[in-house]
Amino acid sequence: MASNFYSVKIGRVPGVYNSWEECEKQIRGFSGAVYKKFKDYDSAVEFIRGSKVDVSQNMSGKDVLYAYVDGSYNDRDNIAGYGVVIVKNDTVLFKDLGAFRISDMIESRNVLGEVRGALKAVELALANDFADIVIVYDYKGIECWATGEWKANKILTKDYRDFMKKYMKKINIGFKKVKAHSGEDKYNDLADLLAKKAVEILS
């Protein structure tokens, strides 16, 4: 018997699948796909029928874990950085930042920081036994490479896609895009400040 069930509500062929590989065939590259992992078959069926709420579609739920991620880049020293702010019920649970010197992939600039931030957010959620997470980003590639909507052509994006595929077997991941540097979202602004601070510390 399958240890997990993957419910595809919107995809090429909606239904309940016994493996991530089967599920992925139905949602990879499918714009607007809606899917979720369950431990039991009945819950997976109920999700398709509409009695369950998908965290990637319902972004206003009180108990949803949101991870705001952003990246930054220092041209002078070739340093990329990331900032992560994880929030639940309007309370900041975790803040994290990091930076690293770039010897290659310079063309990726702050995208490298964005990617590292997204991966770090998922790692923090897994380490603290959360079942769902919504990654809030301002660079569309964070979602599109993970879901397969964009083709991963470079080593960076291929590695990111592969890591996210692995993580999606362990935790339900949703995505939400916000405007960059708009001042409209305090947590996104905080993630941006953390990313810039990380770069300054290493400079």
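Reader: Which side chain meets that of Lys 165 in a salt bridge, and at what N to O distance?

Author: First, some ground rules. This is a predicted model, in which local features need pLDDT of at least 70, side-chain atom pairs count only at pLDDT 80 or more, and totals for chains, interfaces and linings use all residues. Residues are numbered from 1 along each chain as its sequence is written, and side-chain values use heavy atoms, with hydrogens and water left out.

Now the pair. A salt bridge here is a side-chain nitrogen of Lys or Arg within 4 Å of a carboxyl oxygen of Asp or Glu. Helices (H or I, at least four residues) and strands (E, at least two) are DSSP runs, numbered from the N terminus. The partner of Lys 165 is Glu 24, and their side chains meet at 3.4 Å, N to O. Lys 165 sits in helix H5 and Glu 24 in helix H1, so this bridge ties together parts that are 141 residues apart in sequence.

How open are the two ends? Buried means under 20% relative accessible area, exposed means over 50%, and partly exposed lies in between (1.4 Å probe, protein chains only). Lys 165 is partly exposed, at 24% relative accessible area. Glu 24 counts as buried, with 12% relative accessibility.

Another bridge joins this region. The side chains of Lys 169 and Glu 21 meet in a salt bridge at 3.2 Å, N to O. Lys 169 is in the loop between helix H5 (155-167) and strand S8 (172-177), while Glu 21 is in helix H1 (residues 20-27), and this pair links distant parts of the chain, 148 residues apart. Both ends are partly exposed: Lys 169 has a relative accessible area of 35%, and Glu 21 has 42%.

Side chains of opposite charge can pair when their charged atoms come close. In total, the structure holds six salt bridges. Asp 192 bridges to Lys 196, with 3.2 Å between the closest N and O atoms. These two are four residues apart in helix H6 (residues 186-202), separated by about one helical turn. Asp 192 is buried at 8% relative accessible area, whereas Lys 196 is partly exposed at 38%. Bridges with shared partners also join Glu 24, Arg 28 and Lys 165 into one network.

Back to helix H5. The expected span of a helix is 1.5 Å times one less than its number of residues. For the 13 residues of H5 that gives 18 Å, and the end C-alpha atoms are 18 Å apart, which agrees. Next, look down its axis. The arc used here is that of the directions from the helix axis to the C-beta atoms. The buried residues of H5 are Leu 156, Thr 157, Tyr 160, Arg 161, Met 164 and Tyr 167. They fall within an arc of 130 degrees, so they line one face of the helix. An α-helix has 3.6 residues a turn, so residues three or four places apart point the same way.

What does the helix contribute to the interior? A nonpolar core is a set of buried Ala, Val, Leu, Ile, Met, Phe, Trp, Tyr and Cys residues joined through side-chain atoms within 4.5 Å. Domain bounds come from an automatic or database domain assignment. The largest nonpolar core has 42 residues, and Ile 135, Tyr 160, Met 164, Ile 173 and Phe 175 touch the most other members. Tyr 160 and Met 164 are also among the buried residues of H5. Among the members that touch the most others are Tyr 160 and Met 164. Helix H3 (residues 110-127) gives this core the most, with nine residues. Domain 1 (5-49) and domain 2 (65-202) both supply residues, so the core lies between them. A second, separate core has eleven residues, including Tyr 68, Tyr 187, Ala 191 and Leu 194. In soluble globular proteins, nonpolar side chains tend to be buried together.

Finally, step back to the whole chain. The protein chain has six helices and eight strands. Buried residues make up 50% of its 203 residues. Within that setting, H5 has one buried face, and its Lys 165 bridges to Glu 24.
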